[in-house]
Protein chains: 4
Amino acid sequence: MQSLDHLNPFTDLALEATAAARGDAKTEVPGVIMEEKKYEHATVSWVRVVDPVGEQLIGKPMGNYITIEAPQLRRRNRELQEQVGKVLVEQLDQLLDLKENDTVLVVGLGNWNATPDALGPRVTGKLLVTRHLRDYVPADVAGGLRAVAAIAPGVLGTTGIETAEVIHGIVERIKPAAVICIDALAARSVERIGTTIQIADTGIQPGGGIGNRRQALNKETLGVPVIAIGVPTVVHATTIVQDAFEAMASSFAETKPFFQLFRSPESRRKLLSDVLSPTVGELVVTPKEIDELTEDLAKLIAGSLNAVLHTSVTAQDLLRYIN
Amino acid sequence: MQSLDHLNPFTDLALEATAAARGDAKTEVPGVIMEEKKYEHATVSWVRVVDPVGEQLIGKPMGNYITIEAPQLRRRNRELQEQVGKVLVEQLDQLLDLKENDTVLVVGLGNWNATPDALGPRVTGKLLVTRHLRDYVPADVAGGLRAVAAIAPGVLGTTGIETAEVIHGIVERIKPAAVICIDALAARSVERIGTTIQIADTGIQPGGGIGNRRQALNKETLGVPVIAIGVPTVVHATTIVQDAFEAMASSFAETKPFFQLFRSPESRRKLLSDVLSPTVGELVVTPKEIDELTEDLAKLIAGSLNAVLHTSVTAQDLLRYIN
Amino acid sequence: MQSLDHLNPFTDLALEATAAARGDAKTEVPGVIMEEKKYEHATVSWVRVVDPVGEQLIGKPMGNYITIEAPQLRRRNRELQEQVGKVLVEQLDQLLDLKENDTVLVVGLGNWNATPDALGPRVTGKLLVTRHLRDYVPADVAGGLRAVAAIAPGVLGTTGIETAEVIHGIVERIKPAAVICIDALAARSVERIGTTIQIADTGIQPGGGIGNRRQALNKETLGVPVIAIGVPTVVHATTIVQDAFEAMASSFAETKPFFQLFRSPESRRKLLSDVLSPTVGELVVTPKEIDELTEDLAKLIAGSLNAVLHTSVTAQDLLRYIN
Amino acid sequence: MQSLDHLNPFTDLALEATAAARGDAKTEVPGVIMEEKKYEHATVSWVRVVDPVGEQLIGKPMGNYITIEAPQLRRRNRELQEQVGKVLVEQLDQLLDLKENDTVLVVGLGNWNATPDALGPRVTGKLLVTRHLRDYVPADVAGGLRAVAAIAPGVLGTTGIETAEVIHGIVERIKPAAVICIDALAARSVERIGTTIQIADTGIQPGGGIGNRRQALNKETLGVPVIAIGVPTVVHATTIVQDAFEAMASSFAETKPFFQLFRSPESRRKLLSDVLSPTVGELVVTPKEIDELTEDLAKLIAGSLNAVLHTSVTAQDLLRYIN
């Protein structure tokens, strides 16, 4: 049933996966607890997957998923970015429990040379990296700077090495108190591209957002908490087609005999599978302004991480100290 | 009827526009003459739009459009690239009628920083540029090097200046015998991305491939022949959806009452227009390997232009002298 | 006398050229008026070359040269950058006399791909470019945004086209009220790299900083005021050697018979010319952190230009709205 | 004696260090064996440091250093590059003793974003990386492709992680039969920039070329042979000054009383130390065309490694399959 699975609209966002599982009737999903809070410029949702039933139903590992939605980020307003950055700082502060002398490793997943996949490397390139300075920096300055290391290990296709093979060795050697992974995600809705930030304490499946499953980076495999921060930069092309079909199906469901035949999601997927060219499955959809959106979000995340990790950087100025 | 027009699958390729006008019945299109020749690794088609009727029917200006199709380019084989390069050289040689002392201006349209739009600037960055060397180079060497200038003027969104405003002034000053414009195109079919090259003697509408119409660069406006070389790098997201609908429509046309209601293209477009979210119209679809494909094609085109423009560079080695 | 001229330490800074002409005795230079003002974080000097005698003596065209020196910029402190940016805004405001509806063209000279030469293109890449938006933006917003266009025309070596050939044509078409050129400079002192900003109302000799003289961009050739903003990013290698010789000469001048023989600058230059390998004349010296310094200064200049050109951007936030 | 040591002209090339130890009299250096062979377009020298005395005298660890000198590489001729590539392939073939199923790890040391330091990352970016394909590729194709992995781990200043900390972990996991490190070097002579290739079986001191000593990457620390391939891209500024002094000293040594006082190298170093500004010690000298030279050499090395590592790539075509 590969082809049907494949057509199940893919999303890296737990929030979207939960919404899909709830369906139009918006029923509760067993094993999944949702909460939501509105801020002035953003909505923050918490999805808690609390048992294996929930895990199965939404297809995401047990743990906490925090989603910050700020549709106005598309407008590229600096002040709004700072507001959303503060919300991100607040959420990360609650997830991370760091001591003054802890080392933190930030991993920028993805590929520098492919814009929609470059979010992770761009964030690591903008961070205030300090681990190597600790021995040289005066104590009063260093007091406000935690030891931060950052690496963008490249992607399997260009290195021939699994990301996990690179990161495990580094974690063994530098012994961070936490690992923070940054990755570009695939969403179900094009409106989310560049406007939604997901934070998860379940770690990451490198390459997961683009369709492959690699060795996991999580607390189980690395032995320390692994926080994943992701932003959707693409939607799969099949998702776009399927959305159009679903819209058609729902608007004609009662009146047209044809769609009565295709009333069940399964039958609709079968239909799609029959009519979609196999090439489409390989394609991603991305807005024309993806480069600017990725750059904005990379700055926002790097600035927020600086404020979370270095006590001498305040959330007040979080876009000021990025490279 | 903006929305329906918008849903008319957009293509920059005269070959695809002609095929669409011919329809399933493959009737002749008045005012448009087609020819085709098979090479070992490529098919070359000539579309000649000979009168205003043809112009209207396929939506492309009168003139000659040569399309080189080589689906195997996707495999990124160096030898095949050289074979296709030789075909491109042959076609360009027939279109251009250059004297030894002529100057040629190559214009790389598009935006360096957006991969699917970077083909033009990448080609100019790889060319053997020689116009400034003529006074310094010994005559026996210079004999084999024509005066070539190349500029990538940027895009309106980042310069605030229309491409035509930049190019007209340069043409007035350096007085080239011909202008060759390189641009990324939008196709109707995803299979064409990175595998099809269109050469047109009708010049170019900068930004045309992405939806805008700016001041033209053509023989009429610049006073010298303007050859446009383009390669599809994107497909509009609406095209993907529409193709799926059409496939469904044609496979069920006879048996399902629903699709009998939607038998005419117009009624199908209306349906699509109702179910597609407006955001989709802004989206482009591009394969994940777009960066490598663009780089390959930029080398192929730069290498071919070197061989066409400089008699001392032979088609034999056309990938050898690119930067 | 090419070789001796060549050894005359080269500088693009009028301030350094004047200091050299004044010599150790710090005599006045006829035809050159100097003033200086200390700010908290910067020193601003005005060099006014008022007649052909001064022009001859310091080797710079008649006009005004404003130099902002802020040695602390090397420390890469954001707050200091903003302070220096405000000084730059103040000086530019005095030089430029713009009306609300004026168009301004910013030209980023130099080569994107060579770090020490990339200052100009980096500044244009970070500017708030608006000329193309005027017809779409609501009047109340546009009121605070002047029409700004920006182009980085590339260098002769990669385009085969003189910068002046590109810019003259654009100026004819877009008719700016002023042209602002940004360029990387060569200084005499390595301490100035990344810490000194020169503003001149005499325009620019593209490539002048690297040794070539091309067609000028100035009020005479373009018909509108041309302001040049430059920052030293390199020192010629011969300058370094000569400085060491001079230091040696001055410390031993009275006591060692050898240096009595080489007491005159001319005899010292002759000596240097004899011992320096010709390759050294081609070399430039640049600090290892040149990439970061260039990026910092590009942001500082872009931010300052945004504040000068757009009334809705205040000097308060000048690093906030850069790309 | 830090300052004097510092003034001892620094070189990463064993060939230059040996020449310096031999002095003008060209005496043998105990513990160091030299051989030389002339090819049509290149000279190959072997420096074998065979005991601790030799190690001490030239300041390089015991082992083999092969230097390929091809001054014509500056002319950027493709054919010559291929000839030099074949010499490099020949030398690497002799040093490496690989079995068909061996994995090889290529490490690109240095910093993508600083041109003179970008050689290593550029080489890894151009390699035919295959380790991840072995399970998917048909046996007959895979037969000619050895498992090659490649990583550019970044520099301490931007990651906060020592290169050795990254590489040791990867070597433990992927268990290569050999590690090949690529790095930009500092030479004593500017003529060597971009024209000399050093191959050493002694491994590497990351950052060594720019002045720091980090944890070594060599057979002792990694447990497998480590081949270092380096190309000079910079000369320290102090070297340039010192060379000029030495030239002056030797031309006047007999006739001028001043230089009789400074006859010994130590006294000349003391003099230099007195007159050189401390900033100069931080500076590097690099030719203006460093970007093109680095790109050419990166292609030459990547092409040669492809031919050495993959039996299906022949030295005949070594510039053909690079990315």
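Reply: In helix 5 of chain A, the buried residues are A:L119, A:G120, A:P121, A:R122, A:V123, A:T124 and A:K126. That is seven of the eight residues in the run 119-126, so the helix is largely enclosed by the rest of the structure. The model is a predicted one. Buried here means under 20% relative accessible area.

What packs against helix 5? Its buried residues meet four strands of chain A: strand 4 (103-108), strand 5 (147-151), strand 6 (178-187) and strand 8 (226-236). Helix 13 (290-309) of chain A joins them as a packing partner.

Now the chain around this helix. Chain A has 13 helices and nine strands. Its length is 323 residues, and 59% of them are buried. Take the contacts in chain A with a separation of 6 or more: 72% of these link residues 24 or more positions apart. The accessible surface of chain A is about 13100 Å². Carbon and sulfur atoms hold 49% of that surface.

One backbone detail in chain A deserves a look. Most residues other than glycine have a negative phi. A:R76 is not a glycine, yet its phi is positive, about 60 degrees. This arginine sits in the loop that runs between strand 3 (63-69) and helix 4 (78-95) of chain A. Its relative accessible area is 35%, which means that A:R76 is partly exposed.

The loop in question lies between helix 2 (14-22) and strand 1 (32-38) of chain C. C:K26 is exposed, at a relative accessible area of 60%.

Next, a stretch of sheet in chain B. Strand 2 covers residues 43-49, and six of its seven residues are buried. Strand 2 of chain B pairs with two strands. With strand 1 (residues 32-38) of chain B, the pairing is antiparallel and spans seven bridges. A hairpin of four residues connects strand 1 of chain B to strand 2 of chain B. B:K38 faces B:T43 of strand 2 across this pairing. With strand 3 (residues 63-69) of chain B, strand 2 of chain B also runs antiparallel, through seven bridges. There, B:V49 has B:G63 of strand 3 as its bridge partner.

Last, the interface of chain B and chain C. It brings 23 residues of chain B into contact with 23 residues of chain C. The size of an interface is often given as the accessible area lost when the parts come together. Between chain B and chain C the buried area is about 1900 Å², with 55% from carbon and sulfur atoms. Polar contacts link eight residue pairs between chain B and chain C, counting residues at pLDDT 80 or more. Four salt bridges cross the interface of chain B and chain C. One of them joins the side chains of B:E172 and C:R173, at 2.6 Å from N to O. On the chain B side, strand 5 (147-151), helix 7 (156-159) and helix 8 (163-174) each give at least two of the residues that touch chain C. Helix 8 of chain B provides the largest share, with eight residues.

Key: Residues are numbered from 1 along each chain as its sequence is written. Chains are lettered from A and ligands numbered from 1 in the order in which they are written. This is a predicted model: local features need pLDDT of at least 70, side-chain atom pairs count only at pLDDT 80 or more; totals for chains, interfaces and linings use all residues. Side-chain values use heavy atoms; hydrogens and water are left out. Buried means under 20% relative accessible area, exposed over 50%, partly exposed in between (1.4 Å probe, protein chains only). Contact means heavy atoms within 4.5 Å. Accessible areas come from the Shrake-Rupley method with a 1.4 Å probe; for residues, only the protein chains shown count as cover. Two strands pair if DSSP finds at least two bridges between them. Buried area is the accessible area (1.4 Å probe) that two parts lose on being put together, summed over both. A polar contact is a pair of N or O atoms within 3.5 Å; within protein, one must be able to donate a hydrogen and the other to accept it, and residues adjacent in sequence count only if both atoms are side-chain atoms.
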